[in-house]
Amino acid sequence: MRGEDVRSLIVSEPTGPDALRIGSLSLSPAPDDVVIDVHTAGVTFPDLLLTHGRYQVKPEPPFAPGLEVAGIVRSAPAGAGVAPGDRVIAFTGHGGGYAETVAVPAQHVVPVPGTMGFDEAVGLMVNYQTAYFGLAERGRLRAGETVLVHGAAGGVGTAAVQIARGLGARVLAVVSDEGKAGIAREAGAEEVVLVGDWIDEVGERTAGEGVDLVYDPVGGDRFDASLRLIRPQGRILVIGFAEGRIPQIAANRLLLRNIDAVGVAWGHYVPHDPALIRRVGGKLNELAQAGHVRPLVGATYALEDGAQALKDLEARKTVGKSVLRLR
């Protein structure tokens, strides 16, 4: 198996999605790796950043993007907790998932819940692990609290909506248009607000008291305005900056309103807490079995069309979870 050439979607030069080309990369598993034949790979915002060379981690080209995969175990070391033939989801680290076969550490692998299909299951890795880690562990969400979710029709947002609801919270979902409002409602949001008048709407729907927790993968102006809508002792979760501008926080706002700004970098925290993926995976499995969690698949693409998948994500044309099908 060592040195096997694997068909992959490759970045040879980090100039954006158009630089992606089908090729092959060498797969050299470590002795304690689980080898997985990939059926689907998730399309994530970090994948897009990787193609532009703007992600925090910058692999040396040539490399394959792809942080998450779902497929069938080909081989596994003793004590891995999974065995050949098992249906699994895996975190590849910071790339490598846009390939027909991957090798990942055993602690990065969790079972697919029940009979869930691979298209849906792959979404339970980056988006849902981030949402649970952010809401439950970093955000200390309690049942009965009110959560404001920005970008609530995308893969990140729908994950947050479902998990917040599953944890007993009231959810206010912010989306850009009526079409995306339907996606947020399908994800489980009972209250949806359009971005054009979201500030006034949130104020009215909370009787001027604001929200307990903000889940923000957008950043920019959305982040700035959200700070004014948080109740005392509330929290804002910094998930990402899809708008492009990284906001700056005036510390006096945190001081005078007694609120917290909390960073949520799930993938970067994994090395500090090796048990994180399996611990959160167990919680997600429970939520899935209870009917609270089921990723919404918005679009599927062939591996050869991975560039288009990332361009659609960049243009904000996507809803729910986009996936690449490799088998």
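Isoleucine 36 stands opposite valine 102 in strand S6. The model in which this pair is found is a predicted one. The two strands involved, S3 and S6, run antiparallel and are joined by five bridges.

**Strand S3 and its partners**

Strand S3 spans residues 33-42 and also pairs with strand S4, residues 68-75, in the antiparallel sense over six bridges. Within that pairing, threonine 40 stands opposite alanine 70, and alanine 41 stands opposite valine 69. A further antiparallel pairing, over three bridges, links S3 to strand S15, residues 321-325. Here threonine 40 stands opposite arginine 325. S3 is mostly covered, with ten of its ten residues buried. Strand S4 pairs in turn with strand S5, residues 87-91, in the antiparallel sense over five bridges. Valine 69 stands opposite alanine 90 in S5, and valine 69 is also the residue of S4 opposite alanine 41.

The pairings are listed below.

| Strands | Sense | Bridges |
|---|---|---|
| S3 and S4 | antiparallel | six bridges |
| S3 and S6 | antiparallel | five bridges |
| S4 and S5 | antiparallel | five bridges |
| S3 and S15 | antiparallel | three bridges |

Helix H1 covers residues 45-52 and is mostly covered, with six of its eight residues buried. These are Pro46, Asp47, Leu48, Leu49, Leu50 and Thr51. They pack against S1, S2, S3 and helix H11, residues 306-314. After H1 comes glycine 53, which has a positive phi near 70°. Proline 62 lies in the loop between H1 and S4. The peptide bond that leads from proline 61 to proline 62 is cis, and its omega is near -5°.

**The second largest pocket**

The second largest pocket has a volume of about 270 Å³. It is lined by 18 residues, of which Ser26, Leu27, Gly96, Val102 and Ala103 are the closest to its centre. The elements that contribute two or more residues to this lining are strand S1 (4-11), strand S2 (20-27) and strand S6 (101-105). S6 supplies the largest share, four residues. By type, the lining residues of this pocket divide into nine nonpolar, eight polar and one charged.

**Nonpolar cores**

The largest nonpolar core holds 91 residues, and Tyr98, Leu135, Trp266 and Leu324 touch the most other members. There is a second, separate core of 15 residues, with Val193, Trp198, Leu227 and Leu229 among them. In soluble globular proteins, nonpolar side chains tend to be buried together.

Asparagine 258 is not a glycine, yet its phi is positive, about 55°. This residue is placed in the loop between helix H8 (251-257) and strand S13 (260-263). Arginine 316 is another residue other than glycine with a positive phi, near 60°. Its place is the loop between H11 and S15. Is arginine 316 buried, exposed or partly exposed? Its relative accessible area is 46%, so arginine 316 counts as partly exposed, given that buried means under 20% and exposed over 50%.

Terms used. Residues are numbered from 1 along each chain as its sequence is written. This is a predicted model: local features need pLDDT of at least 70, side-chain atom pairs count only at pLDDT 80 or more; totals for chains, interfaces and linings use all residues. Side-chain values use heavy atoms; hydrogens and water are left out. Two strands pair if DSSP finds at least two bridges between them. On a 1 Å grid over the protein atoms alone, a cavity is a set of points where a 1.4 Å probe fits but cannot get out, and a pocket is an open set with protein on both sides within 12 Å along at least five of seven lines; lining residues have an atom within 4 Å of a point. Grid points are joined across faces, edges and corners, and a volume is the space filled by probe spheres set on the points. Ala, Val, Leu, Ile, Met, Phe, Trp, Tyr, Cys and Pro count as nonpolar, Asp, Glu, Lys and Arg as charged, and the others, Gly among them, as polar. A nonpolar core is a set of buried Ala, Val, Leu, Ile, Met, Phe, Trp, Tyr and Cys residues joined through side-chain atoms within 4.5 Å. Buried means under 20% relative accessible area, exposed over 50%, partly exposed in between (1.4 Å probe, protein chains only). Contact means heavy atoms within 4.5 Å.
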